[in-house]
Amino acid sequence: MGLVVGIDPGKDGALCAIDLKGNVRNVMLTKKEFTIPIGKGSRREYDALAMGNCLTEWHALYGIDLITIEKQQAMPGQGVTSMFSIGMGYGLWIGAAATLRIPFQIVHPKTWQRAVLRDVPGVGKGRAILFCKQRLPDLDLTPGRKRKPHDGIADSACLAMWGLRTVVGRSAT
């Protein structure tokens with residue numbers, strides 16, 4: 001069947017797997033699935049084993065054709081601890097993909113937003129949420145008891161859609 005996986009690597013990010021026909025197959029929230037709550041707020045740590053196990057399982061069950069990971073970088077005003085944490089999660093996802101020999105690409109947020117959200121009105125995270133509501137109606141943006149749409153899920157789905165263009169374009173040539 002084949003999957004394209006989009007990863008928003010932050011601690012409140014998510015993974016979204018889309019099959020080659022553009023249907024949502026799996027979604028995992030990093031906040032619940034891949035972090036160990038060891039305190040409040042920013043004191044959560046990545047669970048590298050669970051991250052790798054998720055990709056291993058999806059690859060064994062469906063085959064992953066491509067993983068698209070959002071590029072992370074230091075931003076002005078971020079603290080050193082925050083920057084280190086973001087970089088750590090980003091590196092763990094890249095390492096897991098490389099170890100499993102799954103092709104991956106790193107894409108800058110502005111690059112995928114410009115392509116995927118080109119015709120979507122609005123600003124900020126709301127554009128990705130609106131895109132998902134319109135193009136991926138089966139995607140649950142409010143899992144569990146959430147009332148507000150989870151922007152990490154929306155971003156990861158958009159990243160998967162960006163990757164899908166790459167895979168479909170490559171197989172068509």
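Student: Which handedness does the crossing of α2 and α3 have?

Tutor: Right-handed. That label applies if the near helix is turned clockwise from the far one by less than a right angle, and left-handed if anticlockwise.

Student: And which residues make the contact?

Tutor: From α2 you have Ala48, Met51, Gly52 and Leu55, and from α3 Gly89, Leu92, Trp93, Ala96 and Ala97. Contact means heavy atoms within 4.5 Å. These residues divide into 7 nonpolar, 2 polar and no charged. For the classes, Ala, Val, Leu, Ile, Met, Phe, Trp, Tyr, Cys and Pro count as nonpolar, Asp, Glu, Lys and Arg as charged, and the others, Gly among them, as polar.

Student: Before I go on, what are the ground rules for this model?

Tutor: It's a predicted model, where local features need pLDDT of at least 70 and side-chain atom pairs count only at pLDDT 80 or more, while totals for chains, interfaces and linings use all residues. Residues are numbered from 1 along each chain as its sequence is written, and side-chain values use heavy atoms, with hydrogens and water left out.

Student: Switching to charges: how many salt bridges are there?

Tutor: There are 2 salt bridges, meaning a side-chain nitrogen of Lys or Arg within 4 Å of a carboxyl oxygen of Asp or Glu. One joins lysine 125 and aspartate 155, with the closest N and O atoms 2.6 Å apart. That pair links distant parts of the chain, as lysine 125 is in helix α5 and aspartate 155 in helix α6 (residues 151–172), 30 residues apart.

Student: Is aspartate 155 buried or exposed?

Tutor: Aspartate 155 counts as buried because its relative accessibility is 2%, the cut-offs being under 20% for buried, over 50% for exposed and partly exposed in between (1.4 Å probe, protein chains only). Lysine 125 is partly exposed at 43%.

Student: What about the pair of aspartate 19 and arginine 25?

Tutor: Their side chains meet in a salt bridge at 2.8 Å, N to O. Aspartate 19 is buried at 3% relative accessibility, and arginine 25 is partly exposed at 40%.

Student: Where does lysine 133 lie, and what is it in contact with?

Tutor: Lysine 133 is in helix α5 (residues 125–135). Leaving aside neighbours within four places in sequence, lysine 133 contacts Leu141 and Pro149. With 52% relative accessibility, lysine 133 counts as exposed.

Student: Last one: how many helices and strands are in the chain?

Tutor: The chain has 6 helices and 7 strands. Buried residues make up 45% of its 173 residues.

Methods: Helices (H or I, at least four residues) and strands (E, at least two) are DSSP runs, numbered from the N terminus.
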